[in-house]
Amino acid sequence: MEFGLDDEQQMVVQTVRRFVDKDVRAWAADADRAGAAPDRFAAIAGDLGFFVDAVPEAAGGMLDGAYRHTTRALRGFELGRGCAAMAALIETNVEPALAVTKWGSDAAKAALFGALAQGGFATTGRDARHALEIADGGGGVHVTGVIGPLPALGVASHVLLLAPSLVALLPVDAGTRAAITPTGWRAAKWGTLTCERAAIPADLVLARGDAAASAQAEILAWYRASLAARASGVATSAMEHAAKYAAERVQFGQAIGTFEALIRLRDDSETAALTARLMALHAAWLIDRGDATAADAASRARVVANDAVSRATIDGVQILGGYGFVNDFPVEKLMRDARAFEALLGDERFDRILARKGA
Amino acid sequence: MDLFHDAPMFAGVRQMLGAFALRQIRPVAAKHDAEESMPWELMKMAQSFGMTQSAMVDGAKAVIGKDPDDASGDDVKKPKTIARISCVGAEELAWGCAGVCLALGGSGLAASPVARMGNDAQRKVFKDALKGADEHGHIKIAAMALSEPSTGSDISGLSTSARKDGDHWVINGHKQWITNGASAAVYVVWAQTDPNAGRGGVRGFVVTRDTPGLIPGRKETKLGIRASETAQVHFEDCRVHEDMMLGIDQKAQGGLSDTKKMLDSTRPAVGAQAVGIARAAFEYLLERVQGGTTHGTPLNSHQHVMFELAEMEMEIQASRLLVHRAAWMADHGLENVRFASMGKAHAARTAQQVTTRAMALLGEEALVPGHPVEKWYRDAKIYDIFEGTGQIQRRIIAKSLTGVNPT
């Protein structure tokens with residue numbers, strides 16, 4: 001068993017950590033208030049190749065060889081420490097790019113990679129409640145219903161749609177898009193897409209039937225591992241801010257960080273964040289190895305990470321007290337940001353129960 | 001023991017304020033949350049059912065067991081109903097919107113010490129300052145200025161000073177997290193009058209807005225309860241006549257110990273607000289579960305979802321019972337410190353747990369801007385922070401059990 005990072009991973013972690021500590025954290029509060037990341041964010045992240053790291057080199061991207069989910073999870077953790085919204089924008093293209101690479105037609109590859117190589121965005125939407133109407137038509141399918149809210153959907157050209165018995169690349173212009181700004185991940189360019197018999201041509205359908213279920217499980221494993229890594233980063237960030245404040249804030253004649261109740265509060269949240277990070281990395285490692293248990297591991301990682309980020313951000317606000325509740329300090333943003341991790345893709349615990357029942 | 005409040009008075013309050021919350025508060029709650037604006041129209045409307053600013057002084061007098069018109073200071077031994085009524089009403093209003101609830105009742109924080117420790121002249125100054133409308137046409141409101149940047153939970157460490165100069169006190173310092181701090185017409189300000197006297201030297205003063213040296217400060221942008229104004233207040237050589245020091249000629253001393261008693265007396269109603277938030281989220285989820293489907297099956301056919309509902313209902317009922325027991329004890333003149341803390345702490349935890357789980361179960365739907373459950377999730381957090389954090393409540397409970405203040 002090897003827990004050390006290889007040279008490439010060390011370089012990625014160092015690069016992203018420097019980017020986060022120097023820039024992303026400095027931008028986070030203003031981006032949250034404005035509901036948009038600064039232009040420099042896209043410029044620097046673009047220069048680092050983050051938006052096209054899953055797009056094959058031959059198609060204008062940075063991917064040469066197999067994509068490494070372990071490296072992605074390491075990056076996601078660091079980005080989560082910085083800003084969940086900017087992390088979401090950096091990570092949003094990965095699932096669509098990898099899915100189209102693996103299951104897409106030449107037309108799908110041309111459509112998606114062309115858009116991403118030009119600086120565009122794609123996002124992933126899952127019909128967790130089976131609420132969309134999917135009908136065959138014109139060789140492809142027609143979709144009716146509302147997709148989202150999803151991060152990046154406000155600017156994306158395509159949605160990687162995961163519906164029962166269907167994995168497809170839905171062009172956003174097939175529906176009616178509405179840009180929205182929720183209270184969490186506010187700079188993540190959220191949107192909803194209302195579809196009224198939105199047409200997906202046959203060459204943008206990636207998989208149907210059993211093949212779709214299998215593809216969807218694989219895609220969800222990628223997404224879940226990434227979300228878990230980012231959530232553990234947000235949880236860690238909350239505790240970093242709490243630790244700093246608890247060391248400085250004096251009440252009743254002593255630093256509040258020396259009260260046993262707060263030591264335990266922090267310690268439990270830090271333990272939960274650390275556990276979530278390890279489970280996310282383990283799930284990513286299993287994905288990289290093509291292990292059959294990867295999907296389950298990613299799902300479990302997400303359950304633990306959701307609990308960890310929820311707990312750590314709520315406790316972070318608690319430790320900062322009145323300062324935690326106002327937006328001069330970063331932790332109230334983290335508490336708002338925590339919710340999207342749990343909401344996206346649906347209730348993970350419920351998914352696991354349904355999966356075990358064979359539903 | 002009347003824990004279930006079948007009496008017509010309780011039912012009437014519940015019905016009246018419940019209807020007000022449903023018809024008047026709920027429709028504007030999202031707007032005031034998004035705009036971070038005070039619900040001035042609702043505050044004016046609330047006067048129609050007796051929530052006038054002056055009535056809060058008299059109401060607070062009744063909470064502490066004194067006839068509003070009896071200045072003798074003798075406690076009335078007959079059991080009261082006001083603490084339980086406050087809880088019933090607070091739950092209903094917070095069910096509508098906790099921020100609006102706090103905006104409607106925010107002046108009561110200042111009215112309470114004036115009622116408890118003020119003399120007739122001070123009560124008159126306070127009530128006169130609340131008459132009429134301000135320059136914007138808004139009703140006038142009051143603020144209690146206690147917390148400071150360096151003193152949140154530890155209110156004995158106040159640094160705002162009051163120095164005697166002839167027949168005036170000169171106040172200097174900065175206050176933070178003050179409800180109604182930017183807009184108040186009158187303030188109850190707590191300051192240290194004798195640096196060598198510790199907490200015994202902390203006294204309250206009635207200060208009107210037009211007093212030179214009183215400078216309303218910046219309004220805070222908050223995680224939740226955004227319809228309630230929270231602001232800084234600054235005092236720079238603010239001269240206040242000595243007659244405006246609370247407790248100068250009453251049995252109560254006007255010091256911090258009286259302030260703590262005051263917080264004990266209002267704590268059940270604060271817990272009841274948290275119950276109101278939890279109930280709101282629970283009822284929303286219950287309705288969605290009753291009509292919703294997942295994977296083509298009714299949501300209410302899934303034990304996972306149904307047991308979540310059962311868990312929420314258990315916690316909400318337990319919180320309400322604790323809160324109302326503390327209120328019942330207050331109404332009967334019984335020492336209720338432990339129960340007031342247990343009720344507030346339990347209700348705060350319940351509100352956070354219920355709103356968090358409700359959001360998880362609702363999934364992406366709850367991320368849509370203006371979604372009520374997301375707002376309730378943000379609103380709930382303050383109940384574990386203000387009016388004594390969850391940790392302070394547990395200190396109080398533990399000390400009442402053992403006699404030792406745990407550090």
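**Close-ups of a predicted model**

**View 1. Two helices of chain A lie side by side, running roughly antiparallel.** In this predicted model, helices α9(A) and α10(A) are roughly antiparallel to each other because their axes meet at an angle of about 160°, and anything over 145 degrees counts as roughly antiparallel. Here α9 covers residues 294-325 of chain A and α10 covers residues 331-343, with the two axes 8 Å apart. If you want to name the crossing, call it left-handed.

**View 2. Here's a look at the residues where α9(A) and α10(A) touch.** From α9(A), the contact includes A305(A), V309(A), T313(A), I314(A), V317(A) and L320(A). From α10(A), look for V331(A), L334(A), M335(A), A338(A) and F341(A), among others. What classes of residue make up this contact of α9(A) with α10(A)? Sort them and you get 11 nonpolar, 5 polar and 2 charged residues.

**View 3. Four strands of chain A line up as an open sheet.** Read across the sheet and the order goes β2-β3-β7-β6, with antiparallel pairing. Which strands sit at the edges? They're β2 (133-137) and β6 (176-179) of chain A, and each of them pairs on one side only. Going from one strand to the next, the twist averages 10°.

**View 4. Zoom in on the hairpin made by β2(A) and β3(A).** Strand β3 spans residues 140-150 of chain A and pairs with β2(A) in the antiparallel sense over 5 bridges.

View 5. How many bridges join β3(A) to β7(A)? There are 7, and these two strands run antiparallel. Along the way, V143(A) stands opposite A198(A) in β7(A). On the β6(A) side, β7 (residues 191-200) of chain A pairs in the antiparallel sense over 4 bridges. There, T176(A) has T194(A) of β7(A) as its bridge partner.

**View 6. Over in chain B, helix α9 gets a close-up of its own.** This one takes in residues 303-331 of chain B, 29 residues in total. From first C-alpha to last, α9(B) reaches 41 Å, close to the 42 Å expected at 1.5 Å a residue. Just after α9(B) comes G333(B), with a positive phi of about 70°.

Note on methods:
Residues numbered from 1 in each chain as written. Chains lettered and ligands numbered in written order. Predicted model: local features only at pLDDT ≥ 70, side-chain atom pairs only at ≥ 80, totals over all residues. Pairing = 2+ DSSP bridges. Axes fitted to C-alpha atoms, helices over the stretch in contact; angles between N-to-C directions. Expected span 1.5 Å × (residues − 1). Parallel < 35°, antiparallel > 145°, perpendicular 65-115°, else oblique. Left-handed = near helix turned anticlockwise from the far one by under 90°. Contact = placed C-beta atoms within 7 Å. Nonpolar A, V, L, I, M, F, W, Y, C, P; charged D, E, K, R; others polar.
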